Each structure stands twice: as C-alpha cells, then as structure tokens.
Amino acid sequence: MAAAIYVRRTGAAPREAPPPTQSLAGRLRASLFDGWRASLLTIAVLALLALLLPPLLRFLIFDAVWSAPNGELCRAPGAGACWAFIARKLPYFTYGSYPVPERWRVDVVMALGAVLIVWLLWLDAARRRIAAVLFFGVYPPVSFALLYGAPSIGLPRVDSDLWGGILVSLLVAVVGIVVSMPLGILLALGRRSALPALSIASAGFIEIVRGVPMITVLFMANTMLPLFLPENLAPDRLARPLIGVALFASAYMAEVVRGGLRAIPRGQYEGAAALGFGFWRSLRLIILPQALRHVIPGIVNTFIGLFKDTTLVAIVGIFDFLRTVDAARLDPIWAGPTISTTGYVFAAMFYFVFCFAMSRYSLYVERRLSRGRGH
Amino acid sequence: MSFGESAARPSHGWLWLWYDARARSALLQILFVAGFAALAVAAFVDVRAHMQARGIPTDFSFLGNVAGFDINQSLIPYSAASSYGRAFLVGLLNTCLVGALGLTFATIIGFSVGLARLSKNWIVARCAMAYVEGLRNVPLLLQLLFWYNAVLKPLPAPRQSFELPFGVFLNNRGLFVPEPVSQPGALWVAIAALVSVVAAIGLRWLSIRRKFASPRAAFFSGVAAAFVVVLPIAAFVGAGSPITFVRPELQGFNFSGGVRLLPEFVALVLGLSLYTAAFIAEIVRAGVEAVPRGQREAAAALGLTAAQASRLVVRPQAMRLIVPLLTSQYLNLIKNSSLAVFIGYPDLVQVFAGTVLNQTGAAVQVIFITMAVYLLISLAASLAMNLYGRRFALRER
C-alpha cells in the first residue's frame, strides 16, 4: 500500500527561461522566424524586396538627372528619372497658363487658403468659429475677385481659360468642399424631414447621384447646362464642371452627415425643445455640433475622395494638375523614355502627400474624440 | 398643445393656414412640388426649343441610325454599318467584361493583401500596409495613365515581345493569350462539369441540412471535391481531349492565332483591380479585427484548432461585416470603369456618352440612358444586399 504513495522529495529541474520577448532580437524572432513556414515567407519577401528596391532607388535617386537645360541628358541610355524636367515645368504645373505678371495673386489666394485651413483643422486653435466664417463666407468671394480679377480695384481680368495646374486642382477641391458641406447638411436634413415631398426629393437626388459615375455627372454639367439655360446665362467652361463636382460631392456628404444625425439621441432634440429652442436654433446650437463631430472621419474621407476625383475634370477639357503633367510629358524638347514615368511619379507624390496627410488627420481626430469620451 | 394652437389661431383671414402646423406643412409641400414641377417643365420646354433650333433629335429614334464609326473591341458582331443602338450594346458588354474581370482580380488580391496585413509576420504586414496606403492615396486616373502611357505603350514591338509562361506574349500591341478551341466532344466535358458542380453543391447542402458531425462532414467534403475534379477530367479524356489551345504565333510583324487583349483593356483591368484591391484589403482587415478576441479564445476553450476557429467562428462573423462594404466597393469598381474614356478603351461611356453623343448631339437622351444603366446596376446590387442582410442578420433572442 505504502508503495502506491508517491512523495516527491527533490524539486523539479527549473524550466528554461522563456525566449526574450522584450529585446529587439527576441521580438524579431517571434514575428519573423516563428517556425519554418514563417521563416520561408520572410525570406521570400526579403528576396522580392532585394530584387525590386535597388532598381527603384537607382531610377529615382542615384541615376536620376537633377539638372539639365533640356531632355538631352535624360535621353541618355541608363538615365533615371528626369527631375530637371519637373523643376523646369513646375511653374506650369502650378499655375497653368496664368499670365506671369499676375501670378502673385494665385500665391496670395493659396497662402490665405493654407492659413485658414490650418486654423480650421487645428483643434486647439483659438476662435475656430471665426475661421469657419472666414473660410466658408469671406474666402470664396475674395479669392474669386483675386483670381478672376476686378478691373474696378485695378486687378486686370484673367480669363478662366488660362487657369490651370495645381491652382485648378485646389480650386475644384475647395469649391467642392465649401459647397458640399452646407448643401450636404441641407440634403441630409431634407432626407430626414417629416415632409414626404422634401424627403423623397432629397433621397432621390442623393441616390441618383451616388448611383452614377462622376464622369457622367461631368458630361451632364458640360453638355446639358448650356441647353437648360439661355445663351447669355450659360456658365463658362470652368464653372460647369465646378457645378458638377459640387453637386456630386454634396450627395456623398449628405449621407455622411445623415449618419451623424442618426447617432444623436432623441433626448437631445427633446432637451432643445424643453429649452424653448426653435428648429433652426436647436439645429445650430445643439444637434449639428454633435452630429458633425461624430462624423469628422467620414467627412475627411469624403474630402480625400473628392480631391482624388478632381482629376476627372480633365474629361471636359480643364487643365488640372494631372492634365498639365500629362500634357507636358509630350513636349518635344523633353520627350524621352523616362519622361512619362517621371511625370506620373511626381504627380503621384503630390496626391499621396495630400491624401495621406488628410487620412492621418482623420485618424488623429478619431483618437482624440474617443479619448474625450472616456475610453 | 391643441388648446394652445387653437388659441393662437387668428379668427379671420387666411393666416390660419400658416399658424396651423399641419396646414403649413401641406402648404409648404404643395409650394415645393409646384415650384419643382414648374422648373422642370420650363427646363423641358427650353431644352426642347434649343435642341430643335440646333437640329438635334428630340426622341430616341436616332438609336436606329447607322453609326458609321468602328469600335476596336467588340464581343458581338459590329461594323461601321451597324446602328447606334448596337454600338450601345457593344459598349455595355465591354463595360461588363471589364467589370467581371476587375471584380475577380480585385477580390483575390484584396483578400490576400487584407489577410497579409493581419499577419503576425512583421515584414509581410508592413509590405501589405505599404501597398494599401500607396495605392489608395493616389487617384485612379493617375494609375491608369501610368499603366497605359508609361508601362504598356513603351513596350517593344511584336518581334521583341516578352514571352511569358503558357504561351502568353506581351508587346505594345497588347497581351496575346492562347485561345481555347472546342472540338465536337466538348459538350460532354461541359455537361460533366455542370453535373459535378451540382452534385457537390447538393452534397454540401445535405451535410449542412443533416448537421453532420465533423468527421462525416469532412468525408462529404472530400467526396464533393473528388466529384468536381475527377468527373470533368474523366469526360475530357473519355471524349478524346476535345478542347485545344491555339497559341499565338509570330507571323511577319504581328501575331496570329490566340486572343489579343488590347493594351487599353489590360491597363484598365490592371489599374481597376489593383486600386480597388487596396480598399477591399482594408475592409477585410477591419472585418476580421472587429470580431472580439473572446470569440477565438472561446473556440480554443472548446477544443477547436486555430484553423477550425478561423473557419468556423471568425470567418462567418467577419463576413457579415465585410459583405455589405464589399458590395459598395464592387459598385465603385463598376462606376470607375467609366475612366476607360481617358485611355480610349471602348466602354459604355467612351462609345455612347462619348462618340455617339458627339455625332448625334442628343445629349439629354444619351446621358439619360447612360445614367439609367449605372443606376439599374446599383439598384440591383442594393436589392441583393438587402436580401443578404435579411438572410444573415444576427438573430437575437
């Protein structure tokens, strides 16, 4: 009987220490070489990178032509990206054919816009309400007067046919943002309205616009607006796509805003009513500030989409940034095997910087808001 | 409430219409509808007058007229002597073709990249992230122009074309792939394939219906897989290899035989799938990450292996989130295929809203038809989505 009882008399051998998880080497091993399959995958990916990266870097940096008077050097065999071409064409990419002596006006408009946007987006800035009023109310007419010219105050007229490049891309984006914000809010309110006529009309507009490609909206604005309006009222060549883009963006914005409105609890409406606020007053002071804050990430994503979609205005003959790049690469002085790639890479970097910055900003706002809610 | 309102109502005149909430809302709506209708009628009359003054057709009869232009890719017989209506069909089918191929590739790439982003392997996750951020922050049009103008157009002429595996050739005239040609017995192979797929679906249905336990379910899946693989191969061999592939051959300055895919087509499918895949990858990642960790832990506690937990616990829950968002990306891809017009691929917009509109001037009708096509596709998709949502909605007690 006693033999069946086992009493351990010596301690068990100490277990081996776990692999270091805090050190860099330990983490690398755990993530990259955890078993033969993971190791094989890592090696395959590293081999692929080793195959792709060196030629890419050689093309973009080491073999690139940084300064040249014309395309002669860029056409040499083995030459990489022709950055000299970008440097030489940069004014054209920025202003299009805007007359050289008047280009300071574009600079002023862009600088004003940059200041206002930073003020508006910097959440800790003082008096952001003033920035909003300036950006949505004062900035558009001032920019229009500066860009288009006002002979009465000594600014000669610059026809919109001459505008181009980054100026037009930013213009289309800003007009889209400035119009789509209020119009989107109105459409969202209309869709939620208790009046059936209003809600059906809003829903119909939103769903139709969201269901068709932007190109067809641009085609429509370009070919049908002149048919709808009398000859003397026909909007000019640049205004037509602007109207199309603004309407298109409004429909998408309306859906984002509607999501925010849905997230507001009923009690907020009732509280506002209990305070004796009317419809517009409760909207302005209680409902919209909360609803819009909820959907800042969605709003920013809509802006990113809008900014990328500005490239489509080229279809109706507007020289936006991408179109100027696409046109400049055919310049016979520079034409060569690397010019197309150089131009597109430069344009891609431009759009990437803007869109990536916007998406990071929306992430930052999202994180800050969730912190504020006590998570 | 009603007491207060009736007290505030003035006793005379028409003003009560404004002070009574219901009367006011009715009044406002009538005014709104009347104004809208007046505007629409005015616009209609005005446009009609404009169009008649410029000699533009005001009805749809122009669709029967001879088109008089060529289209360089067509799935149905088409020539310059065909009608505008036929040109519309050609464009529509080309859009469908690009859409179908784009959806397939975008789904495959998107799911792979999305799962790679979730990988524990640091370098794989980083590469997937670089792909997503790099592609979705650059306009699709720019990517299309890059693939077309900077990659496919400067390719060498047919004589120096790149030779890819399986008899595929790539040069500045496009992508040349072998063409499957069916001989008399091919019908049997098709029937065998159909039968095996139906049998496999039936077996799977039976196994779900009877709630078979794991080993039996696995056996049934094995049988189903064997059906799908063995039966068509047996039919293929039995009928004496009735499907052959004609490889493209270099003859003189160009290829003959095989199927030629236009560079425009290749650029469009490539650009659309790579771009949409970046968005699908993000959706897949978000869907999988949204499944609480506790679900996987509970599966482990029940004794499921990691693979079983992924297949039986995580995937069904993730798919419920993924599918609706995936649908909207699919719709985006189809709408974005209209960018074909920038690189000259003959899709619906390029052929119909481009060439036909320019030739006939019938802007209103052409744009109406084009928009209606895209709207119908969107409506069909959202209808399917509602059905899916109803079928797979969480049933809570």
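1. The contact between the two chains takes 44 residues from chain B and 40 residues from chain A, where two residues are in contact if their C-beta atoms, placed from the backbone, lie within 7 Å. On the side of chain B that touches chain A, H3(B) gives the most, with 11 residues, and the residues of that side divide into 30 nonpolar, 10 polar and four charged.

2. This is a predicted model, in which local features need pLDDT of at least 70 and side-chain atom pairs count only at pLDDT 80 or more, whereas totals for chains, interfaces and linings use all residues. Residues are numbered from 1 along each chain as its sequence is written, and chains are lettered from A in the order in which they are written.

3. Helix H10 (residues 293–301) of chain B packs with helix H11 (residues 306–336) of chain B at an angle of about 150 degrees, their axes being 10 Å apart. That makes H10(B) roughly antiparallel to H11(B), a label given to angles over 145 degrees. To this contact H10(B) brings Gln295(B), Arg296(B), Ala299(B) and Ala300(B), while H11(B) brings Ala309(B), Val313(B), Val314(B) and Gln317(B); by class, these are five nonpolar, two polar and one charged.

4. The largest nonpolar core has 132 residues, and Phe352(B) is one of those with the most contacts inside it; such a core is a set of buried Ala, Val, Leu, Ile, Met, Phe, Trp, Tyr and Cys residues joined through C-beta atoms within 7 Å, buried meaning that 20 or more other C-beta atoms lie within 10 Å of a residue's own. Leaving aside neighbours within four places in sequence, Phe352(B) is in contact with Ala87(B), Phe88(B), Gly91(B), Val366(B) and Thr370(B).

Definitions and conventions:
Axes are lines fitted to C-alpha atoms, for helices over the stretch in contact, and angles run from 0 to 180 degrees between N-to-C directions. Helices (H or I, at least four residues) and strands (E, at least two) are DSSP runs, numbered from the N terminus. Angles under 35 degrees count as roughly parallel, over 145 as roughly antiparallel, 65 to 115 as roughly perpendicular and the rest as oblique. Ala, Val, Leu, Ile, Met, Phe, Trp, Tyr, Cys and Pro count as nonpolar, Asp, Glu, Lys and Arg as charged, and the others, Gly among them, as polar. A residue is buried if 20 or more other C-beta atoms lie within 10 Å of its own, exposed if 12 or fewer, and partly exposed in between; C-beta atoms are placed from the backbone.
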